[in-house]
Amino acid sequence: QVRLVESGGGLVQAGGSLRLSCAVYGPTFSSYMGWFRQAPGKERESVAAISWRGGSTYYADSVKGRFTISRDNAKNLVDLQMNSLKPEDTAVYYCAGSDWGLGPEYEYDYWGQGTQVTVSS
């Protein structure tokens, strides 16, 4: 059974940085890994995604230039470095795994429980 565990969330002031980490346990480390987020009252949205070797990445327009996704396949870890945080980045952040591609949410088979990120103004 594959289990994803996020860590690194917390409270930070606007302009600050946080680094989220996702540890993957089990027999499979998905070819594609992504980070999603869900703000209160809003639908979950894709934030960033990365292919197995890191050669292909995706970023939502709202985070381009501020967030960086990376992975360490030897350690089964996926990180999301978040810089220049804004209050609108406040959300629960989820790590997810897919064997299909850098696609939409429904292509992701494995999900973590989420970690809260709160950015104060």
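**Entry 1. Charges over rings**

I began with R71, which lies over the face of F29, at 4.5 Å from the ring centre. I also found R3 over the face of Y25, at 4.9 Å from the ring centre. For this I required NZ of Lys or CZ of Arg within 6 Å of the ring centre and within 35 degrees of the ring normal.

**Entry 2. Ground rules**

I am working on a predicted model, in which local features need pLDDT of at least 70 and side-chain atom pairs count only at pLDDT 80 or more, while totals for chains, interfaces and linings use all residues. Residues are numbered from 1 along each chain as its sequence is written, and side-chain values use heavy atoms, with hydrogens and water left out.

**Entry 3. Disulfide**

I looked for pairs of cysteine sulfur atoms within 2.5 Å and counted one disulfide. C22 is joined to C95, with an S to S distance of 2.1 Å. I read -80° about the S-S bond, and the link of C22 and C95 is left-handed. C22 lies in strand β3 and C95 in strand β9, so the link ties together parts that are 73 residues apart in sequence. Strands here are DSSP runs of E with at least two residues, and helices are runs of H or I with at least four, numbered from the N terminus.

I then checked burial, taking buried as under 20% relative accessible area, exposed as over 50% and partly exposed as in between, with a 1.4 Å probe and protein chains only. C22 counts as buried at 0% relative accessibility. C95 is likewise buried, with a relative accessible area of 0%.

**Entry 4**

A pair of aromatic rings is described by the distance of the centres and the angle of the planes. I paired rings of Phe, Tyr and Trp (its six-membered ring) if their centres lie within 6.5 Å, calling planes under 30 degrees apart stacked, over 60 edge-to-face and the rest tilted. The structure holds four aromatic pairs. In one of them, the ring centres of F36 and Y108 are 4.9 Å apart and the planes stand at 80°, so I logged the pair as edge-to-face. F36 sits in strand β4 (residues 32-38) and Y108 in the loop between β9 (91-98) and β10 (110-111), so parts 72 residues apart in sequence are tied together. F36 counts as buried at 1% relative accessibility, and Y108 counts as buried at 6%.

F36 also pairs with W111: the ring centres are 4.8 Å apart and the planes at 50°, so this pair is tilted. Here too distant parts of the chain are linked, F36 being in strand β4 and W111 in strand β10, 75 residues apart. At 25% relative accessibility, W111 counts as partly exposed. I noted F36, Y108 and W111 together as one aromatic cluster.

**Entry 5. Salt bridges, starting with D79**

My rule was a side-chain nitrogen of Lys or Arg within 4 Å of a carboxyl oxygen of Asp or Glu. The count comes to six salt bridges. One of them joins the side chains of D79 and R19, at 3.2 Å from N to O. D79 lies in strand β8 and R19 in strand β3 (residues 18-25), so the bridge ties together parts 60 residues apart in sequence. D79 is buried, with a relative accessible area of 16%, whereas R19 is partly exposed, with 44%.

**Entry 6. What surrounds D89?**

I located D89 in the loop between β8 (77-82) and β9. D89 counts as buried at 1% relative accessibility. Leaving aside its neighbours within four places in sequence, D89 is in contact (heavy atoms within 4.5 Å) with R37, R66, F67, S84, V117 and V119.

D89 forms a salt bridge with R37, the closest N and O atoms being 2.9 Å apart. R37 is in strand β4 and D89 in the loop between β8 and β9, so parts 52 residues apart in sequence are tied together. Both D89 and R37 are buried.

The side chains of D89 and R66 also meet in a salt bridge, at 2.7 Å from N to O. This pair links distant parts of the chain, with R66 in the loop between β6 (57-59) and β7 (67-72), 23 residues from D89. R66 counts as buried at 10% relative accessibility. I found R37, E45, R66 and D89 linked in a network of salt bridges.

Last, I looked at the backbone nitrogen of K86, which lies 2.8 Å from a polar atom of the D89 side chain.

Conventions
Polar contact = N/O pair within 3.5 Å; in protein donor to acceptor, adjacent residues only side chain to side chain.
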